[in-house]
Amino acid sequence: MKKLIFICSTYFTIGWAGGIYAESGTFKSSKHADPGIGVHRDTNLPRGNCSQCHLQHDGDLPYDFALFAPADNGTCLSSGCHDYQYQWPPGDYYWSFPGNTTDWYNSAHGASAGQFPPGNGRQVALCVQCHDPHTAGDSIHGVYPSATRELEERGCYSNGAIVGQGCHGMNGSTRPAGADDIYSQLLKSSRHNVEASAKEHSTDWQASYPYGRESRQVNSGHFSDSNRHVECVDCHNPHKAVSGGHQIGSNEIGGALLGAWGVQPSSAAPGATPTSFTAVDFNTIGGSLEYQMCYKCHSYFAFGNTAPSGYTDNAREFNPANASFHPVQDTIPTNSYTIQTPENGLTQTMDNRWNNIVHNKMTCSDCHASETATDPGGPHGSNNPYILTGSPAATDIAFCTSCHLGLVYAPPTRPIGETGSRFDGQTTGEEDASHYFHVTVRGIGCRQCHGGRQEPPPAQPEQRSPYPLDAGSAHGTNTLVGLMNGANISAYVPGNCTPTCHESITYSAGPE
Amino acid sequence: MVKNSLKIITIFMLLAVGTVADEFHGGGDILCSDCHTTHYSQSGTLPERAEPGGPFSDLLLIESADRLCLTCHDGTDPAAPDVLAPVAMYQGSGSEFSGGGFFSAAEGLISITGHDLGVITQVPYSNPVKATILSCISCHDPHGTINYRNLVIDPDSSGTGVTVGLGSDVFEEIHQQIPPSRNASIGAYRAGNIGYRARMTEWCADCHNILGQTDPANPPAHFNRHPSLASFEPSDYHNDPGHWAVGIGEGFGVATGDGIEGIPRLRFQAPGATDYTSATTPAASNQVFCGTCHFAHGGPFKSSILWPFNDQVSADLYSGCQQCHYK
């Protein structure tokens, strides 16, 4: 009995205290130990045998952990095991696109001079910072995919079992040099909730699919219904991503998305939903377009015709064949008032960030990101709905005027001459038919006239308060040109507007 | 003739003062004439059990010491541990790591599953590298020593001895004399009858001297080869003392090679042990030693490892490692 008590007390004291044994028998279920695909560096030994890596009594030279080679990345990358790149069959995508060793050493992680935890001498670039060659797991989720030390996204911002204290955690003292605090973004009220699901990439993990997979086929079910998910690696390839956001005015990806993948929709008729897609690997920044990544989850590609509640088909909304849209997927055909043209007197109408030579396109993350400009870029989280940088409320103009110059679209005083907008007194010939009168004088919000609804509200009875907004309606519409699908616009053509606020007005519209 | 006479005199003097053997081959469990003959006759009738072609060195009945030992230790004598394959003596005993394992051949063959008898081999992990012809008496003194199991005191004959004392470094549950005896069982040799405290690795490392050091490594590694005489402590030694202590689950089983993952608990040293019970109590302070992973003589698996670690993929591939490391 005393012996039993001793054994039990030892177990509870040493074995369970702190829960440090995250491996706890997971190795046999790992890919390294798999009888079919496991480690086989030494063909004289059984596949997956511990001695494939650990030489027990050391080999010709003694290395740390009794490894067959120095305990650095060379053990993994120069051993004949992970020297070049993984393979995958067509049709399926093995996250997280491992790339190759050159990519790795050029990546933000692979080239990092930082240490984690800072000051302990262990480089961020070590494979074993993120991967446990023995594989880890827990009693709830089982073995973690890809031999990560933590369950998927937690590996990015956790330190062991301490959530939020990792490389991309909220504690500046534990973040390596150059690493952003992403965890704080993911705690916000609106966020890509990476904690909401787990192991979606590896639900079919088996020997023939060793790295987990997501189908690259349209409406495969891997992105919808119970499989709908988002993880860090859905957008970021930790083996290939480089630092940096996208170039404002372009719709190409930033370096942080390099190595991920997206889908390019085939062209569709105006107002139609694209139903055909081509998978695109983000091998280079040039030619890799951010919306392609977003469409992977926010289009017919992910969920077919049935969008999850609260979501819309972004590929339909940004369809370049539509009557009007924000230039996320392509440029606006008639863009004479959002850039400096002779038609608007060469007047700057956009914020300086867009006032450059590639100012005619944008990305989803231009609008969907933290509400705080100094936070890390990207749609990780925001305290505004829909992960927006500003309030989407119909009567709130701050969100829109962060890009569209307030001096043009909400001039504080009555403009004397050309504002650069098509809708000013100089162009329309009527002082009331102007942004100044509507926005500044009457306090009409941007979305009461622009990007508020997909279906126009009825003209009668007269209503000045905004009709309910439709999510995604600011993306684009085939209902009205000029994104005049506002919450209070029943009908519009250039030169004639029928709002719900007053009777139809005819005015002089500027040239396209 | 003079030399042989001196040996005979020596033998009788030893018997006269009582045996020096603390373990077997003493106390009447064996007779001088079991191994020696004083009057080997080439022209007359050979002594009982003698091999033709004598007389032999040391007045042995059989020219080869190894073959002489194996006349009893080949499984034919139920009171002597069987150390020559095939071994059935311990099957079903629940103590399969008994008797130091077994040799694959009497002598003259190089095997990959254990020590080789009567053939020149390079001593693994020796510095300087040396070659030797290993014999039973390289490790055991049949006349007895103060060491456990009659182990020789200076295996590499370097002049520096290693004592492994029964009752101080190794403990037995059953007194060494009762049994075995000529009329008793092999119970004394069962692995489950033995508890280790210290010195076993030191003794092996007398020849395999490279492995006598537990080389430190750079953090977070602790060693650059599998350590010996290391315990589970401190707690960051990349093992699982709780799993070891409980002894249930992965790594632990009833028998090796039964198709079910798990093998009997591996042997260990308990550095603070004072008796058999404390020497066989699993604890975080238990130490790994050579015998934890290897049979002294040999076994069914490559490298004399107690489980099929270097053999084909099997249910027990990781069992030995997992008992401590539980990865």
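Buried, in these legends, means under 20% relative accessible area, exposed means over 50%, and partly exposed is anything in between (1.4 Å probe, protein chains only). This is a predicted model, where local features need pLDDT of at least 70, side-chain atom pairs count only at pLDDT 80 or more, and totals for chains, interfaces and linings use all residues. Residues are numbered from 1 along each chain as its sequence is written, chains are lettered from A and ligands numbered from 1 in the order in which they are written, and side-chain values use heavy atoms, with hydrogens and water left out.

**View 1. Chain A as a whole.** Chain A carries 15 helices and 15 strands; helices (H or I, at least four residues) and strands (E, at least two) are DSSP runs, numbered from the N terminus. Of its 512 residues, 49% count as buried.

**View 2. Where chain B meets chain A.** Chain B brings 38 residues to the contact and chain A brings 35, with contact meaning heavy atoms within 4.5 Å. About 3,000 Å² is buried between the two chains, and carbon and sulfur atoms give 64% of that. Buried area here is the accessible area (1.4 Å probe) that two parts lose on being put together, summed over both. On the chain B side, B:Asn224, B:Tyr318 and B:Lys327 lose the most area to chain A, together 21% of what that side buries.

**View 3. Charged and polar pairs across the interface.** Twelve residue pairs are in polar contact between chain B and chain A (both at pLDDT 80 or more). A polar contact is a pair of N or O atoms within 3.5 Å; within protein, one must be able to donate a hydrogen and the other to accept it, and residues adjacent in sequence count only if both atoms are side-chain atoms. The rule also finds one salt bridge across this interface, that is, a side-chain nitrogen of Lys or Arg within 4 Å of a carboxyl oxygen of Asp or Glu. Look for B:Glu250 and A:Lys28, whose closest N and O atoms are 2.6 Å apart. Helix H5 (241-246) of chain B gives the most to the side that touches chain A, with five residues.

View 4. B:Asp311 sits in the loop between helix H7 (290-293) and helix H8 (319-325) of chain B. It's buried, yet the nearest side chain of opposite charge, B:Lys302, is 5.5 Å away; Lys and Arg count as positive and Asp and Glu as negative, while His and the chain ends are not counted. The backbone nitrogen of B:Lys302, though, lies 3.2 Å from a polar atom of the B:Asp311 side chain. Beyond its neighbours within four places in sequence, B:Asp311 is in contact with A:Pro46, B:Pro300, B:Phe301 and B:Lys302.

**View 5. A salt bridge between two loops of chain A.** A:Lys188 and A:Asp375 pair up, with their closest N and O atoms 2.8 Å apart. A:Lys188 lies in the loop between helix H6 (183-186) and strand E6 (190-191), and A:Asp375 in the loop between strands E10 (324-325) and E11 (381-382), so the pair ties together parts that are 187 residues apart in sequence. A:Lys188 is buried at 9% relative accessibility, whereas A:Asp375 is partly exposed at 22%. A:Glu371 joins these two in a network of salt bridges.

**View 6. A buried pair in chain B.** B:Glu172 and B:Arg149 meet in a salt bridge (2.9 Å, N to O). B:Glu172 is in strand E3 (residues 170-172) and B:Arg149 is in the loop between helix H3 (136-139) and E3, 23 residues apart. B:Glu172 is buried at 13% relative accessible area, and B:Arg149 is buried at 14%.
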